[in-house]
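Please look through the structure below before reading on. The text then takes its parts in turn.

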Amino acid sequence: MGRMMMFRFVNNPRRLFYIILLTCCLYGVILVLRTALDGNFEDLERSLQLFFDFSTFLLYHCDQLFRHVGQVCRHPVLPVYAPEMMKFIKKVDKFHCSSEKNWVEVNGSTAVITDQAKALNGEIECSFTDINRNNEYTTSDGLTTSTHTQYNLEASDFVKVYCKSDNGNYWNSNLAGIRHSEEIVDRIGWDQVPADALGLSVVMWGMDSISRNNFIRKLPRTYKFLTEVLGALVLEGYNIVGDGTPQALIPILTGSTELELPETRKRKGSKATYVDIYPFIWNDFRANGYVTGYVEDQPSIGTFTYRLKGFNKAPVDHYGRSFYLAAESQWHNDKRCLGSLECHKIMLQYTENLMSVYRDKPHFMLSFFAQLSHDDVNIVGTIDDDLHEWFVGVHERGFLNDTLLIVFSDHGPRFADIRQTIQGKQEERLPFFSFVFPPWFKQKHPEAYQNFLTNTKRLTTPFDIHATLKHVINFPTKFRENSLSNRSMSLFNKIPLARSCAHAQIEAHWCACLDWDILNPGDSIVQDGAKEFVKFLNNYTQPERKMCAELSLNEVIWSARLRPNQKLLAFHHSSDPDGFKPDLSGSQRATIEMLQIKLRTSPGNGLYEVSMSHNLLTGTYNIRIQDVSRINKYGNAAHCIMDSNQDLRKYCFCKELPPVS
């Protein structure tokens, strides 16, 4: 009886709405009380505003839910090569570093003097000095060892190298590899991983400030390989939840917002603690038999050190910050080169070395690259060939056979001129995020894979990534639709169609979902759009005009307009040093709106739903065949082309009557 009552309760949309609203209210009260009790009165105003915004936003989106059946959050269809964006896009020539190849290369845990260097310079002796971490801001030199052959990394992942040859030439640089540690090896292993785990290592390759569209524009070879060869599942509805990298990575890594976690901001002085106190997901992986790694390439603007207090102890087994601190004075060519190595190759090699050293062991690795994309939308295009080559290499060497590869960005461009356009502002909120599973995952877990595939079209957030990573450690045995009352939703379970930014606790000015506005079917904009659609269908069936009748508009049944929400348009920038308080003084106006129209055509009474973009400046409509749905049965109306042109079955009404059977 109790189960039946609960079932009826949560499956009634209005009752479910009240549950969610009550949860939102309780969350708001707790957040406000905690902020006040902690004495953070500076954040009290924002907590109150968050409470108000989420409640108001939730009321609005639930109203949309009751008025329209279907997916509540509809993200804009943003043309990759839109003219307003392409005026900011340009080709940048690939840069090159020193023509003199490094004398020493690192393979896994071993630094080797190369044969090429010996052939060019004669006998070479190199001294290797370990780089030790003191804290988040300084390093110190460890022991120095001299050799004519190779050096095994054991005390540190990083070494300073000074080499001199018999002919008087010399070479020096800093190098990174993966030290051999018996303590780590003894602690990890697949036998330590939970029995219900998915059985995958996790490698996350992140790049700063790249929208999904700009990834496609600037990294086309990489995108094509990820999607067409590796079968990457790209989250088309992935929406940021705050301003900047911390508000992207903290929810992914902890499942919480910065304000929900203990105080760690430097400027709070003695009230702040180290970020070690955060419940990082890598601690969960470590506790379950994984080796862990984390590297960023810009220590001056580090995610956890720029505003926050940083780590007291190294947070993972292999922590890359010390390398970049020690190498700070050795970069050249606008910090793009260290010796003969390009900056991106250094991080790619470090990531691959960890994958290689722990090839047969469970590993979690997060690499986050910012140097070429943080301040510029174009320079990152110079690494497309190298990035593509790296993904091809790890794939062909089998590193991805038991690895979940996550390729992502934290947010779209924030500082470039491109963000001053409306589409640029929308792209800031829609970063690139993708998952690559080994081929066997789809066969072994078809339901989980199908849910994941479905979720690529739904509203997803950084909180969902955290829940998904949790399920890598403890994989569910049964799959069900996520509850709207949950902020974090595992992507192995289906995301509800009814999910809105309010459910996901995304503030309105960060929400890229379009606002719904129901239109009168007789509105001139709707009628013009419907006529353009019929014209579009007739052009589509034109090659078979001898057999397919020309269609005409019978009636418009329903229509809605989708536009960016007003707070997104009004957002100018964050007005506080932590990126929490929005300045909503902007005055941008939408130039493109999306229309959804449900209509009937004649002859044949075909029933269609179509999404199209409407340019408010030119009055033109843009329609794509993939955005057209035939929603009633066509039966044998298309009998004349059923065998010869199956692509037209949904759109063709044959002039001749079907044969009598």
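Helix 12 (343–357) gives the most to the lining of the second largest pocket, with 8 residues. Helices (H or I, at least four residues) and strands (E, at least two) are DSSP runs, numbered from the N terminus. A pocket is found on a 1 Å grid over the protein atoms alone, as an open set of points where a 1.4 Å probe fits, with protein on both sides within 12 Å along at least five of seven lines; lining residues have an atom within 4 Å of a point. The model is predicted, so local features need pLDDT of at least 70 and side-chain atom pairs count only at pLDDT 80 or more, while totals for chains, interfaces and linings use all residues. Residues are numbered from 1 along each chain as its sequence is written, and side-chain values use heavy atoms, with hydrogens and water left out.

The second largest pocket holds about 790 Å³ of space, where a volume is the space filled by probe spheres set on grid points that are joined across faces, edges and corners. Its lining has 33 residues, and Glu105, Leu341, Lys345, Ile346 and Gln349 lie nearest the centre. Besides helix 12, at least two lining residues each come from strand 1 (104–107), strand 7 (170–176), strand 13 (341–342) and helix 13 (384–396). By class, 12 of the lining residues are nonpolar, 13 polar and 8 charged. Here Ala, Val, Leu, Ile, Met, Phe, Trp, Tyr, Cys and Pro count as nonpolar, Asp, Glu, Lys and Arg as charged, and the others, Gly among them, as polar.

Strand 21 (residues 592–602) and strand 22 run antiparallel and are joined by 10 bridges; two strands pair if DSSP finds at least two bridges between them. One of the partners is Gln596, which bridges to Ser611 in strand 22. The two strands form a hairpin with 3 residues between them, and Gly604 in the turn has a positive phi of about 100 degrees. On to the next pairing: strand 22 and strand 23 (residues 621–630) are also antiparallel, over 6 bridges, and Tyr608 has Arg630 of strand 23 as its bridge partner. This hairpin has 5 residues between the strands, and Gly619 takes a positive phi near 75 degrees. Why is strand 22 largely enclosed by the rest of the structure? The reason is that 8 of the 10 residues of strand 22 (residues 606–615) are buried, where buried means under 20% relative accessible area, exposed over 50% and partly exposed in between (1.4 Å probe, protein chains only).

The last topic is the cysteines. A disulfide is a covalent bond between the sulfur atoms of two cysteines. It is counted here when a pair of cysteine sulfur atoms lies within 2.5 Å, and the count comes to 6 disulfides. In one of them, the sulfur atoms of Cys126 and Cys163 are 2.0 Å apart, and the link is right-handed, with 110 degrees about the S-S bond. Cys126 lies in strand 3 (residues 124–133) and Cys163 in strand 6 (residues 158–165), so the pair ties together parts that are 37 residues apart in sequence.

Cys548 and Cys652 form another disulfide. The torsion about its S-S bond is about -100 degrees, so this disulfide is left-handed. By contrast with these bonded cysteines, the sulfur of Cys343 is 7.1 Å from the closest cysteine sulfur, in Cys337, which is too far for a bond.
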